[in-house]
Amino acid sequence: MQTIYYDLRDTKGQQKEIEDKISAAAKILREGGLVGIPTETVYGLGANGLDADAVKRIFEVKGRPQDNPLILHVTGPQWLPRYAREIPPVAYVLARKFWPGPLTLILKRQPCVPDATTAGLDTVGIRCPNHPVTLAIIREAGMAIAAPSANTSGRPSCTTAQDVLEDVGGRVDVVVDGGPCVVGVESTVLDLTCEPPRLLRPGGLPLEDMERLIGHIDVDRAVNVSLGPEERPGAPGMKYRHYAPKAPVTVVTGAPAASAKEIERRALPGSGVICFEEFAGLFSKQVVRSLGPTSDKQLQAQRVFEALRSFDSSSVTEIYAQCPDNRGLGLAIGNRLKKAAGFHVVEADSLRIVLGITGGTGAGKTSALNALRDLGGKVIDCDAVYHEVLTGSDAFKNAINEKFPGVFTADGQLNRKKLGQEVFAKRERLDQLNAIVFRFLLPELERRIQAAEGLYAIDAINLFESGLDRFCDCTIAVTAPTELRVKRIMARDSIPEAYARLRINAQKQDEYYRGKCGHELNNASESPEEFRKESRLFFERLIESIMEEKRHG
Ligand code: TXA
Ligand code: MG
């Protein structure tokens, strides 16, 4: 079969010619043919999604396992009811915000969607791609296009029309060139048939962006680990060894400097190395593909498949890849690399020490944290992260507003004082607030901790109640005699003695922190400067012993 090539990289040119090609591609689809189509994520291999025979041909051409369903591509949320039923309102909330874009929604299917498309499942994946050419083709065709990524099964996805021709040229009717894909990794797949929604495949739309809008999302285990033989991932496609170049891949996680060093230690001359730009110079004897700067995840996403693919035309016999942290697009990039490696992952031992610091007001946490800063440490201030996350998240605000009506002003600002008064007096109300805060904050804090390198302190009043203590190498209670605390907060906050005592009594007492923490830093000192010095000595000794333990244990 001769594959026709349509060059539609420039849609500002000859309008008539462009329209003709779009019509021709749509016609071929309507008649049951196969068309390679550009999207913002990766190239797709499209067929009429309602035509079982056409869809079966996709499976043949790709060599795709029969149990792996396809995504239907539509032009907008208004098409959802054609192919899905029992659509929860959250589907429209997400579609209105993120479509067209790299988000696939899993919903209950309508009977018109054939088994061939859904691989027999009662659900269907639907997305609206953000590419003008493909949107025009779908509109012109008048029906949803079923399209998996255009690669042959098992190979890295295609991010250029040339890749598509390389993989399936001669076996499809047309390949439409819409230029290189700007996102570079496939869409995020989100299951909305369960509560809370479930991330089945991380992709071009970051998890955090969705959580800010709709609140907590569960993450399918298959995203981060290789499943056992009897386990089933939410998305059937996640169980296959995808994206794989021919040479075996080893992914090295950890702080960039540490993972680069680990690869340097392991990679033989002539090996393939995928690394961040800053470290490319370390590998003069290897075949290097740079993903771009450590901080530029957008570029890394664009480059990851091309980097994996490029080794197939070289003679490397092993490949090492540096892995970005899990924040933002990093989750999807890391997942693609790990899948390419069949989850063969090595953790570079990054020198990360996380200290959990807690204690009541007026005990001296601030001075203790300053001492840590003196030692080059960084502080994750949970209260500050709380306000940052709250400011950017409608779902978070709504959850608080539901339980505490009226604590937000008309322009969406939190009235802290009012909320404080609500929870201050009643244990039960405080627990309710904390439950909401933990739900929205923990995933973000966890990502920040995992991305940290060097010495870190987590400053959290609810270190144990939130469960943050499990990320810490060691926990420290900052305590002080009550009378000293009273004096300190009276001076610090200019409040009368009675109020100072009330505040201290409303919090947990030193005994509680002492009982929970591995270490205690008692502040009986009259001057903050003196306590800062004492703390510095204390931390120096503590860090030394943690390092010792890490080295030997
Ligand atoms: O960005 C993308 O999503 C690209 C472009 C072409 O749109 N398409 C793509 O399709 O990546 P594919 O077939 O390579 O991956 C679809 C993934 C598979 O892991 C599949 O198992 C999952 O989505 N999936 C599709 N329908 C599903 C369903 N009803 N339930 C669970 N998972 C589903
Ligand atoms: Mg695929």
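This is a predicted model: local features need pLDDT of at least 70, side-chain atom pairs count only at pLDDT 80 or more; totals for chains, interfaces and linings use all residues.
Entry 1. I began with ring pairs. A pair of aromatic rings is described by the distance of the centres and the angle of the planes. With centres within 6.5 Å as the rule, I get a count of five aromatic pairs.

Entry 2. I looked up Tyr512 and Tyr513, which form one aromatic pair. Their centres lie 5.3 Å apart, and the planes make an angle of 80 degrees. The pair is edge-to-face because an angle over 60 degrees counts as such.

Entry 3. Are these two tyrosines buried or exposed? Tyr512 has a relative accessible area of 24%, so I note Tyr512 as partly exposed. Tyr513 has 3%, which is under the 20% cut-off, so Tyr513 is buried.

Entry 4. I then turned to Phe538 and Phe539. The ring centres are 5.3 Å apart and the planes stand at 70 degrees, so I list this pair as edge-to-face too. Phe538 is buried, at 17% relative accessibility. Phe539 is also buried, and its value is 0%.

Entry 5. Which residues make up an aromatic cluster? I find Tyr386, Phe396 and Phe440 together in one cluster.

Entry 6. Last, I checked for charges over rings. Arg82 sits over the face of Trp79, 3.9 Å from the ring centre. Arg289 lies over the face of Phe311, and here the distance to the ring centre is 5.0 Å.

Key
Residues are numbered from 1 along each chain as its sequence is written. Chains are lettered from A and ligands numbered from 1 in the order in which they are written. Side-chain values use heavy atoms; hydrogens and water are left out. Rings of Phe, Tyr and Trp (its six-membered ring) pair if their centres lie within 6.5 Å; planes under 30 degrees apart count as stacked, over 60 as edge-to-face and the rest as tilted. Buried means under 20% relative accessible area, exposed over 50%, partly exposed in between (1.4 Å probe, protein chains only). A charge sits over a ring if NZ of Lys or CZ of Arg is within 6 Å of the ring centre and within 35 degrees of the ring normal.
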